[in-house]
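Trainee: I would like to learn how to read the features of a structure such as this one, going step by step from the overall fold to single residues. Could we begin with the structure itself in view?

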Amino acid sequence: MKLRTKRLLSIGLAAAMTAGMLAGCGKKAGSDNSSSNEDGITTLTWYMSINPVAADTDKVIEKLNEYTRDKIGVEIDYNVIANPDYKEKMPNLINAGEYFDICFTANWTTDYLQFVGKDAFMDITELLPEYAKDTYDFIPQEVWDTVKVDGEIYGVPSYKEMGWQGGIVYNSDLAEEYGIDMSQVATLDDYTKVLEVVAEKSKAAGQDVIGVSGLVNAWPMAAPYESLTGNSTLPAVAAVPEYDNFKDMAGQTVFNQYASEEYMNYCKIAYSWNKAGYLGGDPVNYDSDTANRDNDFNNGKLFSYFIKNAPGNVEMMSNSSGHGVGFVSLMDPLFETTSVLSGGILAISSASEHTEKALEFINLLNTDEYVGTLIRHGIEGEHYTAVGDDQVDRTMGGTLNPADNGYDYTYGWQFGTPFNQKWDISYPDNIEELFQEYNDSAIISQNNGFSFDMTPVETQVAALTNVIAEYGPSLETGSVNPEEYIPAFLNDLDANGAQDLIDEVTAQVEEFQASK
Amino acid sequence: MKTVKTNPSVVKKKKKGFWYVFKKNLPLTIMAAPGLIVMILFRYLPMSGLLLAFKRFSVRGGIFGSEWIGFKNFDFLFKTTDAWIITRNTLMYNGLFILLDLVMAVAMAIGLNELLKKRRAKIYQTIFMAPYFLSWVVVSFMAFSLFSVDDGLFNHLLAYFGFEGVNWYADPGKWPFILTFFQIWKTIGYSTVMYLSSLTGIPNDYYEAAVIDGATKWQQIKNITLPCLKSMMIVLTILAIGKIFYADFGLFFQLPRDSGPLYDVTQVIDTYVYRALKETGNVGMASAASLYQSVVGFVLVVGTNLVVRKIDPDSALF
């Protein structure tokens with residue numbers, strides 16, 4: 001009897017296991033997610049990347065659906081994935097042919113250009129003015145230009161600050177304590193003196209404050225250029241006349257930025273900083289751990305770091321760090337093709353059966369104040385309280401700890417433009433004006449709208465990427481001697497087809513300019 | 001493998017039909033079925049994806065509809081100045097690992113087996129086995145706590161004894177040793193257990209007979225233990241050689257913390273492919289790389305087996 005039970009059990013177990021394995025292979029039978037139901041409501045499948053996935057997401061989406069059902073007859077099947085996972089999962093879902101209507105894309109996650117090249121996204125150039133007219137009119141033409149591939153638009157970009165502005169954020173309380181006048185700083189050379197003072201004074205006070213971090217991002221800020229390939233590290237860039245740099249490359253439309261005098265100078269400065277101990281001993285590893293860096297910055301153990309700034313950022317940082325924060329700009333904002341791509345884009349699948357509805361929905365995200373506020377700040381009375389007509393308070397008058405807030409994405413640019421919505425009161429009142437000012441000061445690059453087709457030189461790019469990964473970070477963080485390493489770096493770049501890449505980019509840029 | 005001997009009278013009878021054979025072997029077939037099904041689903045069906053190695057992948061076209069481009073996807077593996085470095089590193093490291101793993105695991109297995117106190121042997125075995133279950137990411141942080149320039153244990157020790165600190169992550173000369181040490185440290189326990197299990201299968205009579213004949217411990221090991229382990233050693237080595245063109249990504253990417261100055265000694269085919277394709281995300285080129293690895297692995301397994309069969313037909317895998 002006992003034996004028999006055992007045998008039955010084992011057969012049952014084997015059967016269950018086999019069934020389990022087979023079940024994994026079948027197609028999901030139930031929800032046919034692409035259909036509209038009887039009462040004419042269309043369900044749109046939306047894959048979104050945002051950090052973190054808020055606890056009350058379902059509640060908010062339910063509210064959103066109530067609104068959009070009446071407004072445009074749409075319900076959202078919302079699939080939200082945290083940024084680090086989205087980056088890994090979404091490309092696989094697309095490659096595997098999973099059905100979706102809308103997905104988040106950029107050049108840092110689920111690469112926009114790459115998937116446009118793979119025919120994954122729908123060409124919406126013609127449909128935009130018809131189904132998302134408000135959004136189409138609201139976003140400046142220059143921004144639309146950046147998402148064009150061969151003159152066609154494949155996604156709706158998040159319109160926020162135009163371009164990027166490199167600079168240094170610093171602990172202004174410490175600066176005051178040490179008697180440093182940051183207004184004197186305009187270049188990296190000037191900053192050396194500041195770092196000297198920080199090292200000297202902090203040592204005298206018995207603390208070893210690290211002078212500056214974030215050098216992995218600092219090189220393009222020291223000598224801004226236009227990244228023509230969509231990747232600022234690939235050696236094929238153009239000079240921007242307004243910055244008045246790269247004199248030794250004059251006459252070349254496209255050149256290798258690593259061969260320039262600017263690069264040598266920058267690396268020398270970084271090397272001298274590292275040798276003087278301003279970078280904390282191990283800059284490459286220190287830079288890669290941003291959580292640790294933020295912690296050190298908040299605790300006054302790190303004086304400053306390089307960032308790409310946006311309006312309102314400094315105010316936000318002084319709120320979160322517990323001490324004063326200042327910003328020194330190293331350049332005027334630069335607006336180029338990659339600036340929008342490095343933000344966010346909502347694209348529609350080339351297999352979508354509801355392109356028009358999807359566009360109408362994206363239009364709401366960008367222009368409807370109720371939708372815009374709901375998707376960022378959550379439900380009024382539960383996740384925020386209204387302050388006046390244009391602001392919200394995510395602490396609900398101080399009664400709600402931001403850490404306990406079940407739904408709060410600050411200004412949530414990943415959902416679309418943050419302009420047509422209510423801002424949190426931690427931002428300055430004139431935040432939209434600040435953005436306007438910033439955008440007006442932005443230098444628009446000559447080749448804005450040019451998108452590089454990498455196909456003919458993919459082999460070279462593959463090899464070059466490896467070479468750059470080998471030399472770039474160590475040189476740019478001052479870990480190795482530039483006099484010794486830059487010539488080797490250039491040698492390897494040449495041997496792996498840097499010239500082929502430059503030639504190809506030059507040919508494509510010239511064609512682009514001619515067709516303008 | 002040899003077929004099971006059947007009764008000669010059965011063989012002499014006229015050939016039985018498929019259904020007869022099927023029915024006769026039904027219990028065996030059922031036992032094999034789940035494994036076979038899984039193998040077909042996860043090993044053979046996906047092979048159609050190999051077509052991608054010769055295509056320019058497009059999402060709309062899918063695996064079958066995409067455009068053919070011949071061998072262009074393979075170019076990036078060879079048209080680089082690193083081609084020699086990645087091939088050398090992959091083969092040399094893996095060759096070294098196979099050799100060291102074989103020698104040290106067999107030595108440790110014999111040592112553990114000779115321990116008279118079995119309880120203690122079990123404890124040692126567990127200790128050796130433990131690193132096998134750690135992820136390379138965890139190991140890389142453990143190593144970082146040893147090698148970190150400003151906070152590492154080694155640099156603190158060096159400073160204590162009055163020496164200058166070493167920038168471990170920028171000094172390629174030391175990494176072949178570091179990599180080899182961690183690899184062996186991590187995998188040795190697992191291989192030891194494999195050999196230990198076949199050691200327990202050696203009948204005690206052999207040793208008793210040897211002791212009566214006055215054989216020393218060393219003679220026992222040389223003449224009984226090692227010959228009995230031979231087939232296990234050959235099987236594990238042939239399998240390892242099949243993987244000689246696959247480098248352990250975790251070991252070569254995580255442990256050196258992706259440090260550029262170390263690429264000359266840490267760049268292997270897997271890390272190269274990862275770095276090359278994370279920008280372009282080219283599915284075709286990724287397929288090409290893994291097809292290349294598989295083909296080389298296949299050729300090596302068949303080749304090694306051929307050599308083994310020439311030397312000692314009984315030990316060959318197939």
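This is a predicted model: local features need pLDDT of at least 70, side-chain atom pairs count only at pLDDT 80 or more; totals for chains, interfaces and linings use all residues.

Mentor: Residues are numbered from 1 along each chain as its sequence is written, while chains are lettered from A and ligands numbered from 1 in the order in which they are written.

Trainee: How many helices and strands does chain A have?

Mentor: Helices (H or I, at least four residues) and strands (E, at least two) are DSSP runs, numbered from the N terminus. In chain A, the secondary structure comes to 21 helices and 18 strands.

Trainee: What radius of gyration does chain A have, and what would a compact globule have?

Mentor: The radius of gyration is taken over C-alpha atoms, and the globule rule is 2.2 Å times the number of residues to the power 0.38. For 516 residues a compact globule would have a value near 24 Å, and the 26 Å of chain A agrees with that. Along the principal axes, the C-alpha atoms of chain A fill a box of roughly 75 × 70 × 55 Å.

Trainee: What share of chain A is buried?

Mentor: A residue is buried if 20 or more other C-beta atoms lie within 10 Å of its own, exposed if 12 or fewer, and partly exposed in between, with the C-beta atoms placed from the backbone. By this count, buried residues make up 47% of the 516 residues in chain A. Contacts give another view: two residues are in contact if their C-beta atoms, placed from the backbone, lie within 7 Å. Of the contacts in chain A with a separation of 6 or more, 76% are between residues 24 or more positions apart.

Trainee: In what order do the strands of the open sheet run?

Mentor: Strands of a sheet pair through backbone hydrogen bonds, either parallel or antiparallel. Two strands pair here if DSSP finds at least two bridges between them. Five strands of chain A form an open sheet in the order β2-β1-β3-β14-β6, with mixed pairing, and the edge strands, each pairing on one side only, are β2 (74-81) and β6 (155-157).

Trainee: Which strands pair with β14(A)?

Mentor: Strand β3 (residues 102-105) of chain A pairs with β14(A) in the antiparallel sense over four bridges, and Thr105(A) stands opposite Ile345(A). β6(A) and β14 (residues 345-348) also pair in the antiparallel sense, over three bridges; here Gly155(A) stands opposite Ala347(A), and the bridge partner of Pro157(A) is Ile345(A).

Trainee: Which residues lie on the two sides of β14(A)?

Mentor: In a regular strand the side chains alternate between the two faces of the sheet. In β14(A), Ile345(A) and Ala347(A) are on one side and Leu346(A) and Ile348(A) on the other, and all are buried, so that both faces are covered.

Trainee: Why is strand β7 of chain A described as largely enclosed?

Mentor: Six of the seven residues of β7 (residues 165-171) are buried, so the strand is largely enclosed by the rest of the structure. β7(A) pairs in the antiparallel sense with β11 (residues 302-309) over six bridges, where Val169(A) has Tyr305(A) as its bridge partner. Five bridges join β7(A) to β12 (residues 325-329), again running antiparallel, and Asn171(A) has Val325(A) as its bridge partner.

Trainee: How many residues does the largest nonpolar core have?

Mentor: A nonpolar core is a set of buried Ala, Val, Leu, Ile, Met, Phe, Trp, Tyr and Cys residues joined through C-beta atoms within 7 Å. The largest one has 165 residues, and Ile102(A) and Leu464(A) are among those with the most contacts inside it. The largest share of this core, nine residues, comes from α19(A). Leaving aside neighbours within four places in sequence, Ile102(A) is in contact with residues including Leu44(A), Trp46(A) and Ile362(A).
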